[in-house]
Amino acid sequence: MDGGKTDAAEAAAYYDDADVAAFYRLCWGGDDIHIGRYDTGAESVADASVAMTRHLLSLAGIVAGDRVLDIACGYGGTLRLLARMGCPAAGIDISGRAVTEARRRNAEAGLDDRIDVRLGDFHEIGEPDGAWDAAICQESLIHSTDRPRVMAEVHRVLRPGGVFALSDILTAPGADEALVNEAFARLGARAGATPADYRAMAEAAGFEIAASEERPRDIRTHYDKLAEALSDPVPGLDPDARDAIAQSVARWRKALVGGHITWACLVASKPG
């Protein structure tokens, strides 16, 4: 699960793929690449994704004026939400396609002068020590084979008293890891890390756990909605790519229904 080698190049290749980008744009809502919060189940994927970001920011106590670094910013949806909240925000991402798209959407929203987005790797965050009030990472550590290294880097760039808001797709305790690996294969990720493992990694990096919760129902609903979106041809998405992604989503749903995959978030505070 963790070691000296990272999967940065593999993750970049995945998100730089044109068919993957089309899937996220056309089926996932376009602004975000993370699991949504579904209070009624009637929410769209796009609206639920924003709701989950708001939930995570609220859980972390992030407010106007806080300097926030998104260490895997994707298409920049969270950054734009932060900027509209009045937070000085910046993001890094391993994918050149994602960085280009985030910058385009920031400019389209009239926020490009308030948000800095650049290519970067969360294993080696190019920021000074203690530069940020908060950091956020949504459903991205799943790609890392050296998660403790990422935790240590985030701890380094936060000021004393700063917070790390983290969410991810994780292996449930007692899971059938073969089923999890079948689901994770599309992402190039591997089973094994549980919510308890993430809490332990954060504490080993020097953090104190301020909040932690699991919401497995949300990820099940999210993948049900993706399956529905892929059940018919998707204009703009290559038919062969749609079929392959639909088959992958079916493997995810099998593992989710069996309780082998979960979604969790935590807020970790740097003492001081």
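**Why the terms apply: helices and buried residues**

Mentor: In this predicted model, the buried residues of H1 pack against helix H2 (18-27) and helix H5 (96-108). Helices (H or I, at least four residues) and strands (E, at least two) are DSSP runs, numbered from the N terminus. Residues are numbered from 1 along each chain as its sequence is written, and side-chain values use heavy atoms, with hydrogens and water left out. As the model is predicted, local features need pLDDT of at least 70 and side-chain atom pairs count only at pLDDT 80 or more, whereas totals for chains, interfaces and linings use all residues.

Trainee: Which residues of helix H1 are buried, and what puts them on the same side of H1?

Mentor: In H1 (residues 8-16), they are Ala8, Ala11, Ala12, Tyr14 and Tyr15. These residues cover an arc of only 160 degrees around the axis, and therefore lie on the same side of H1. The arc is taken over the directions from the helix axis to the C-beta atoms. An α-helix has 3.6 residues a turn, so residues three or four places apart point the same way.

Trainee: What makes Leu226 count as buried?

Mentor: Buried means under 20% relative accessible area, exposed means over 50%, and partly exposed lies in between (1.4 Å probe, protein chains only). Leu226 has 0% relative accessibility, and therefore counts as buried. Leu226 is in helix H9 (residues 216-229). Neighbours within four places in sequence aside, Leu226 is in contact with Phe23, Cys27, Trp28 and Val249, where contact means heavy atoms within 4.5 Å.

Trainee: Why are H7 and H10 described as roughly antiparallel?

Mentor: The axes of H7 (residues 177-184) and H10 (residues 239-257) come within 8 Å and cross at roughly 150 degrees. Axes are lines fitted to C-alpha atoms, for helices over the stretch in contact, and angles run from 0 to 180 degrees between N-to-C directions. Angles under 35 degrees count as roughly parallel, over 145 as roughly antiparallel, 65 to 115 as roughly perpendicular and the rest as oblique. H7 and H10 are therefore roughly antiparallel to each other. Their crossing is left-handed: the near helix is turned anticlockwise from the far one by less than a right angle, whereas clockwise would be right-handed.

Trainee: Which residues of H7 and H10 meet?

Mentor: Leu179, Glu182, Ala183 and Phe184 in H7 meet Ser248, Arg251, Trp252, Lys254 and Ala255 in H10. This contact has five nonpolar, one polar and three charged residues. Ala, Val, Leu, Ile, Met, Phe, Trp, Tyr, Cys and Pro count as nonpolar, Asp, Glu, Lys and Arg as charged, and the others, Gly among them, as polar.

Trainee: Why are H6 and H8 called oblique?

Mentor: The axes of H6 (residues 147-157) and H8 (residues 195-204) come within 9 Å and cross at roughly 45 degrees. H6 and H8 are therefore oblique to each other, and H6 passes H8 in a right-handed crossing. Arg147, Pro148 and Met151 in H6 meet Tyr198, Met201 and Ala202 in H8. By class, the contact of H6 with H8 has five nonpolar, no polar and one charged residue.
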